[in-house]
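I set out to record what I looked up in this structure, entry by entry. The notes are meant for someone who has not seen it before.

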Amino acid sequence: MTVKENLAIAARGSGIQTWDFGKIYTLFPRLEERRSQRANTLSGGEQQMLAIARALISNPLFLLMDEPTEGLAPVLVREVGDVILRLKDAGLSIFLVEQNLSFARKFADYTHVMSKGKIVYSSTPADLWENREVKERYLGV
């Protein structure tokens with residue numbers, strides 16, 4: 001996949017949750033353990049958790065996540081996936097931009113494939129997964 005091509009995913013939750021430090025620390029126990037550390041001393045995965053936590057503390061109705069798994073070890077990718085599911089279940093609407101189709105389709109209600117800044121295909125995740133032409137042409141799958 002080129003830099004100009006992305007897969008955009010919209011995931012909508014079912015209700016609204018108010019976020020405070022207690023709930024954020026429940027979601028990210030590692031951040032509570034490291035709360036006295038400076039952000040620049042955290043690992044890449046911990047920094048991603050912190051970025052999500054910083055967004056949540058403002059109690060958004062909508063969360064934009066731009067490739068939240070980029071550069072993370074597989075175990076941390078799974079953790080981010082678990083967090084995305086928990087946020088969705090908590091009622092938070094999420095717009096996820098992710099190049100990893102197999103990861104992203106687990107969370108999506110609807111998908112859009114973009115190429116050179118334009119949406120070139122829209123469907124359910126299942127329909128996209130079955131569309132070999134779109135996957136090969138735009139996603140390199």
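**Entry 1. Overall make-up.** I note at the outset that this is a predicted model. I counted the secondary structure and found seven helices and five strands. Reading from the N terminus, I wrote down the order β-α-α-α-β-α-β-α-β-β-α-α.

**Entry 2. Burial, surface and contacts.** I looked up the burial of the 141 residues and found that 41% of them are buried. The exposed surface comes to about 8,200 Å², of which carbon and sulfur atoms supply 51%. I then took the contacts between residues at least 6 apart in sequence; 64% of these join residues at least 24 apart.

**Entry 3. Helix 4.** I checked the length of helix 4, which holds 16 residues, 74-89. At 1.5 Å a residue the helix should span 22 Å, and I found its end C-alpha atoms 23 Å apart, which agrees. Next I listed its buried residues: L76, V77, V80, G81, V83, I84, L87 and K88. These cover an arc of only 160° around the axis, so they sit on the same side of helix 4. On the face turned away from that side I found the exposed residues P74, R78 and D89. Just after the helix, I recorded a positive phi of about 105° for G91.

**Entry 4. Nonpolar cores.** Which residues have the most contacts inside the largest nonpolar core? I found F28, L56, I84, L87 and I94, in a core of 25 residues. At least two core residues come from each of helix 1 (21-27), helix 3 (44-56), strand 2 (62-66), helix 4, strand 3 (93-97) and helix 5 (101-104). Helix 4 gives the largest share, six residues. I also noted another core lying apart from this one; it has seven residues, including L101, Y121, L128 and V134.

**Entry 5. Helix 7.** I turned to helix 7, residues 132-139, where V134, K135, Y138 and L139 are buried. Seen down the axis, the buried residues fall within an arc of 100°, and therefore line one face of helix 7. The face turned away from them carries R132, E133 and R137, which are exposed. At the start of the helix, I found a side-chain oxygen of N131 within 3.3 Å of the backbone nitrogen of E133. After helix 7 comes G140, for which I recorded a positive phi near 65°.

Definitions and conventions: Residues are numbered from 1 along each chain as its sequence is written. This is a predicted model: local features need pLDDT of at least 70, side-chain atom pairs count only at pLDDT 80 or more; totals for chains, interfaces and linings use all residues. Side-chain values use heavy atoms; hydrogens and water are left out. Helices (H or I, at least four residues) and strands (E, at least two) are DSSP runs, numbered from the N terminus. Buried means under 20% relative accessible area, exposed over 50%, partly exposed in between (1.4 Å probe, protein chains only). Contact means heavy atoms within 4.5 Å. Accessible areas come from the Shrake-Rupley method with a 1.4 Å probe; for residues, only the protein chains shown count as cover. The expected span of a helix is 1.5 Å times one less than its number of residues. The arc is that of the directions from the helix axis to the C-beta atoms. A nonpolar core is a set of buried Ala, Val, Leu, Ile, Met, Phe, Trp, Tyr and Cys residues joined through side-chain atoms within 4.5 Å. A polar contact is a pair of N or O atoms within 3.5 Å; within protein, one must be able to donate a hydrogen and the other to accept it, and residues adjacent in sequence count only if both atoms are side-chain atoms.
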